[in-house]
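Dear colleague,

Please find below the structure that I am handing over to you. My notes on it follow directly after.

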Amino acid sequence: MSVYRLLLLSLASTASLTPSAAAQGTARLPERAVRRDIPITNSIRRAYAAGTRDSTGRPGRNYWQLRTDYTISARLDAPASRLTGHETVVLHNNSPDSLGQIVLRLDPNIFLGNTPQAAPWVPAEVTDGMVITRLTVNGVSVNLEASAGASADGARAAQAAAAAQSAQVPNQPTLLRAKTTSAQINLPTKLLPHSTTTLEIDWNHKLPGGPGVGHRMTQRWADTLYQPTQWYPRVAVYDDLRGWDTELYLGPSEFYNNFGKFDVRIDVPAGWIVSGTGVLQNPDEVLTPNARERIKRVLSTDSITQVVGPDEVGPGQATQRGAPIAGEDGDRLVWHFVADTVNDFAWATAKKYVWDMTRATIPGKGPVPITMVYLPGRAQFYARAGAAARHALEFYSKQWFPYQFPQLTLQDGPSAGMEYPMVINSNQGAADHETGHQWWPMTVSNNETWYGWMDEGFNQYMNVLSDADAKKEVANFDAYGQSYGGVSGSEAEAPMMWNANYDGPAFYGFTTYGKTPLMLSMLGGIVGDSAVQRAHREWAQAWMFKHPSPWDYMFFMSHALKRDLGWFWYYWLFTTESVDGSIQNSRTAAGRTTVTVRQDGQMPSPVVLEVKFAPGSQAIRPMNNAVMKDSVTAIVTYPVDVWFAGSKTFDAVLDFGARPIQRIRLDPSCRFPDRDVSDNFWPRSAAPAEPAQGQGGRRGPSCPA
Ligand SMILES: [Zn+2]
């Protein structure tokens with residue numbers, strides 16, 4: 001703080017200089033004013049004032065969050081691809097606030113065709129969106145007329161607004177914006193703090209299909225496989241940072257959901273297999289005796305058990321026979337699932353699923369079942385999926401904390417590469433990554449819409465660890481941090497603290513997924529990779545089943561690492577700056593070598609020099625800030641503090657005695673963002689022919705030896 005304040009004072013003092021004095025260069029402006037604190041916005045300021053969060057980075061003494069318990073019955077009309085549901089939501093207002101509204105998330109409305117979408121995401125099909133036919137709050141029916149016909153296009157929107165005005169009835173709750181992805185119930189009577197409110201909702205919508213394979217919300221293949229996601233009206237999060245979360249669902253950015261219990265009954269044609277979040281409550285009613293018998297051996301072996309084979313199709317073969325229903329042309333079965341504390345519920349069903357199972361053994365917990373359901377012709381995509389999911393569950397359990405849920409299910413279908421609690425819509429291709437999401441956001445539940453890097457970015461980082469572990473190698477984060485220098489400087493890149501809903505098509509993936517491993521690589525270059533992971537583990541355990549903010553992460557990590565890392569978080573998360581280091585010069589006189597290091601970027605970093613000595617007999621004198629890597633190589637480190645006075649150049653004085661130095665290299669582990677790596681070597685001719693560059697991916701950039 002004190003140095004930054006001094007810089008501000010020196011900046012302020014230049015304002016009073018006469019133009020001629022400034023022109024003569026007598027103004028003592030710093031070349032680079034290094035910011036050393038973490039910006040505090042109004043939302044986190046409010047939380048600190050209320051004591052819900054604090055600068056330890058742990059949940060504050062007054063921390064609270066809503067709880068929402070859902071009971072849902074849904075019926076699939078397969079020929080029409082229509083899902084009809086009745087839902088009861090018990091909303092526990094654990095906030096200290098009286099709430100005059102309830103915000104509902106109606107994601108199926110993104111298929112209306114006239115709601116906002118973020119490029120390049122394209123919905124699979126235009127539908128009639130989420131149709132709400134009845135809604136009550138504590139038994140009082142909600143006026144739905146105000147939203148009837150409302151849409152996002154101009155003239156109709158104006159008409160709808162006028163209708164909303166005239167249709168509002170005193171003392172009756174009113175639903176507004178029902179044809180957007182963020183609707184609102186206005187309440188005539190506020191929900192008191194610590195009260196419980198019951199919503200009842202009747203709804204239906206068409207499950208969208210179409211050509212958009214691979215999109216998260218493409219939810220069916222023809223009329224024989226369905227993968228409903230974001231499929232029921234959800235109560236939005238109300239939190240201590242921003243109140244109701246009214247962010248629109250635009251396609252790319254993901255979710256922010258309350259925790260609660262789900263009790264879900266899914267009514268499908270007999271013979272169709274249903275998988276999903278939670279634990280099946282009525283296996284005797286829906287599974288054949290053969291299937292139930294096969295499931296009994298799943299937890300005793302790592303091998304694959306086939307519960308329903310490709311030749312077992314239809315009622316009496318794949319499932320029990322259902323009860324014939326008057327007026328229907330077939331039998332139906334109701335599958336009943338319960339999940340105790342989760343932040344969403346997803347499921348899948350198909351006329352011909354093959355059902356395989358295996359297990360993972362969770363440390364301190366024992367075996368949990370892994371289920372895979374896939375189409376008979378697609379077995380090759382699941383051949384390695386069980387082993388991949390098992391490795392992920394077991395490795396991440398050791399790495400962070402034991403897997404918290406009673407099962408994991410991999411579901412085949414068009415929504416490929418997506419995660420929900422206990423469910424991944426993935427085959428073996430993304431099984432490791434999607435399973436990783438069971439830690440975040442499914443257990444440590446960040447606001448993904450704003451801060452996707454807190455689940456996708458952390459996940460990308462730990463996938464590097466898991467990949468290495470699977471190959472019995474040690475993960476290497478060298479070069480990740482340095483590679484950001486090749487990206488920094490684009491006007492299209494938003495800082496990671498910007499709301500990811502508005503990151504833009506060119507940089508959404510990089511900001512949300514790619515940049516975090518680069519940031520944590522640099523942090524590892526300062527404190528060590530194992531220290532980063534130890535601190536991250538402690539942070540994760542402190543926030544299980546809660547909603548951490550980025551400030552909680554920054555402050556927690558700084559405390560756990562016992563470092564003043566304000567400057568680090570500021571430059572990585574609030575800016576798009578890089579370090580751009582170089583060696584400007586090196587000269588030896590009287591047994592001392594002075595290396596002039598320059599940083600052209602705004603982000604500072606420690607100075608790390610690799611010094612190679614000539615072979616010889618002269619002793620190499622120890623330096624306090626140097627360690628010998630081998631008999632002719634020293635690593636010399638100066639802390640980031642050397643930049644805080646504002647100069648862009650730093651003279652590192654090497655006092656190793658008379659042994660001649662052959663060459664010097666800046667940032668030998670390639671951890672600090674650098675645009676041009678070739679100027680990190682002295683003499684310059686020591687630079688490798690092709691310096692490593694590029695964005696970090698699963699394979700990772702390389703750091704030349
Ligand atoms: Zn992901």
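**Strands and sheet**

Strand 10 (residues 225-226) and strand 20 (residues 347-350) run antiparallel and are joined by 2 bridges; strands here are DSSP runs of E of at least two residues, numbered from the N terminus, and two of them pair if DSSP finds at least two bridges between them. Tyr226 has Thr349 in strand 20 as its bridge partner. Both strands belong to an open sheet of 4 strands, ordered 9-10-20-15 with antiparallel pairing. Strand 9 (220-221) and strand 15 (273-276) are the edge strands, each pairing on one side only.

**Basis of the model**

This is a predicted model, in which local features need pLDDT of at least 70, side-chain atom pairs count only at pLDDT 80 or more, and totals for chains, interfaces and linings use all residues. Residues are numbered from 1 along each chain as its sequence is written, and side-chain values use heavy atoms, with hydrogens and water left out.

**Confidence**

The mean pLDDT (the predictor's confidence in each residue, from 0 to 100) is 92 for the protein, and 90% of its residues reach 70 or more. Over residues 691-699 the pLDDT is below 50.

Yours sincerely

Key:
Contact means heavy atoms within 4.5 Å.
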